[in-house]
Amino acid sequence: MKQFLFLFSVLIFFFGCNSFAGPLIHRASNLCLDVRAASSTPGALVQIYACHGGVNQNWAYSASTSQLRTFNGTRCLDASGEQTSAGTQIISYTCHTLANQQWRLMTDGSIVGVQSGRCLGTAGASNASGSLVQLANCNGSLSQKWTLQGDTQPPTAPSGLQVSSLTCNSASLKWNASTDNVAVTAYDIYHDGQLMKSVTGTTLSTSLTLTPGATWGLYVNARDAAGNVSQAGPTLTIRIPQCTTDTQKPTVPTGLQGSVNGTTVSLRWNASTDNVGVTGYEIYRNNLRVGSVSTLTFTDSGLSANTTYSYAVAARDAQGNVSALSAPISLRTGSACSTTVCSVSQATTETDIPWGLVTLPDGNILYSRRDAFDIIRLNPTIGAKANLGRIPNVAGTDGEGGLLGLAITPQFPSTDPWLYIYHTSPTDNRIVRIQYVNGALSPSTLQVLLTGIGRNKFHNGGRLRFGPDGKLYAATGDAQNGANAQNINNLAGKILRLNPDGSRPTDNPFGNYVWSYGHRNPQGLAFDSQGRLWEQEFGNTIMDETNLIQRGGNYGWPSCEGTASIVGSGCATAGYLAPKYTTTVAAGSCSGIAIVQDHLFVACLRGTRMYHHEISGTSLINSQQFFVGTYGRLRTIEPSRDGGLWLTTSNSGDKDSIANNSNERILKVILGEL
């Protein structure tokens, strides 16, 4: 069941008389609901207009009358002539008790006429200042969504999660109520950063649909009618049982064959059978497991030249029963690499999550440890490490917050000694910089460049990248509140652009730090040879997307996920920019990207693989997959100084904030001719 943050149709809005007062912001335009010319004459037209704080833009909602009042309560929002048809003009009129002045403020941000059942929207769905407001058939689009700007305080985090009646495909979840300065209007239930469903603010329990055999981290966020979202409550881990007990192993795979191209081996085999069903195959090289696939083929790349390898395959079912190994075959690699990936070697292991990574001019690398909050320098030639110390004021989120992205300029460190850092603090996500002098960090030089980026348990974004224009670009998540992504005055769910000193570039499209918007949780940024910015973004349950970023571009979340429409006109909404490539979440959940010679490489977590695409014009072509299941979850990928790649894993402890409870690797990938 797919229910999203803005797909919520139950009215539960209760403020009490005049408990809300302030401007109503039109989400599609960020303009205010306005009585034209500030006229208090009954029948004055209502429009959207630049926000200025005047009395004609100040609205008070009364739960007892369901009225929206302006001009200090003397005029009411009114459907002209008591008409109910789409296109009926909205006016300001003397307050009375008829239903054409009664409105329901929905938790998805729409305002619905009690008499008409239609939504408050702009004529022709226009976002231009001065556009008239009218009744419209409700379609879920942003032109019919409004933000109650008067309330900026989020609810408290829900607590006391408990699961009961746990079966292989369902469970009951309950929690303790959150509190809010006005009222909690909804609870959003997640597992591991994916929204499962939403319920009303008076509901403190719900049934869940589960996946047999999975392990999920459940948590709940509270939301109010103004769209403010709480920080997430504690995670409750559940281990979902299988529906049936199955101890029978699949049959042994047969017909294993292979071919060699330089230092790459390609395998294929015949399908196994099982009493319930085969779910995948495990590939073994020299008796060590090196991959896991759901197909009948596997490509093993980056092998040593002129070397003989032995391969075998085993079948696996949903309950983890594994067949015996197939009959082995031996294959000898060629004398030279003739494929994209030539070799892979392990540079080091890590007990914490390596997240941000930069290559220094001397060939050493710096990387952040997400949950330990410190920076490590690694000499990959000899494997020597130096801990450069913890970054102040970093906080975890019991999820995916912490010490995240790193960036340096091309002049580092000779004429520009700054190391740029994206991290979660106790109150927000922020960008800071600290000087790296004589091989060490200088704590006294730390500068906070940008604060106020929304944070939550998941969806913190975190990647940093300097562009060829000398500006710093930052990928920010929506902080588990899709409304943030479409609000250009909010820093969450965006690609941000700032000067190296933290100031705002004067040529940014909206007069603030926002460069593009409509993003869910972007964690990959890279520039191609033409200076164009590519971005990688997590989807919710349907698809991930790879985008070519345009100045001021809107990438559609939460109405559009990849190419899948979620609400209203979805991906067909005028102005939305389509992704250049999509993958299913199961085969993706991709984080970092890197570009080498206009070849785009993508590191994927849930998909446990690396994608490779050629950039051709504005398209991605000749796509390939590498390391499918070989190294597990892949988080960060960065170019190395010698034209290869650095690649990090994120296999354990990556959904909590516990330091040093991981077992990760940093890998060096040597590429062939591209």
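This is a predicted model: local features need pLDDT of at least 70, side-chain atom pairs count only at pLDDT 80 or more; totals for chains, interfaces and linings use all residues.
Buried means under 20% relative accessible area, exposed over 50%, and partly exposed in between, with a 1.4 Å probe and protein chains only.

Residues are numbered from 1 along each chain as its sequence is written, and side-chain values use heavy atoms, with hydrogens and water left out.

Start with the whole chain in cartoon view. You get 1 helix and 53 strands (DSSP runs numbered from the N terminus: H or I of at least four residues for helices, E of at least two for strands). The C-alpha atoms fill a box of roughly 90 × 65 × 45 Å along the principal axes.

Next, select Phe412 and Pro413: the peptide bond joining them is cis, with omega about -10°. Pro413 sits in the loop between strand S33 (403-407) and strand S34 (418-424).

Move on to Trp557 and Pro558, where another cis peptide bond has omega near 10°. Look for Pro558 in the loop between strands S43 (543-548) and S44 (560-561).

Now pick Gln480, a non-glycine residue with a positive phi, near 60°. Its loop runs between strand S38 (472-476) and helix H1 (482-486), and Gln480 counts as buried because its relative accessibility is 1%.

Last stop: Thr608, not a glycine either, yet its phi is positive at about 45°. Thr608 lies in the loop between strand S48 (599-604) and strand S49 (609-616). At 19% relative accessibility, Thr608 counts as buried.
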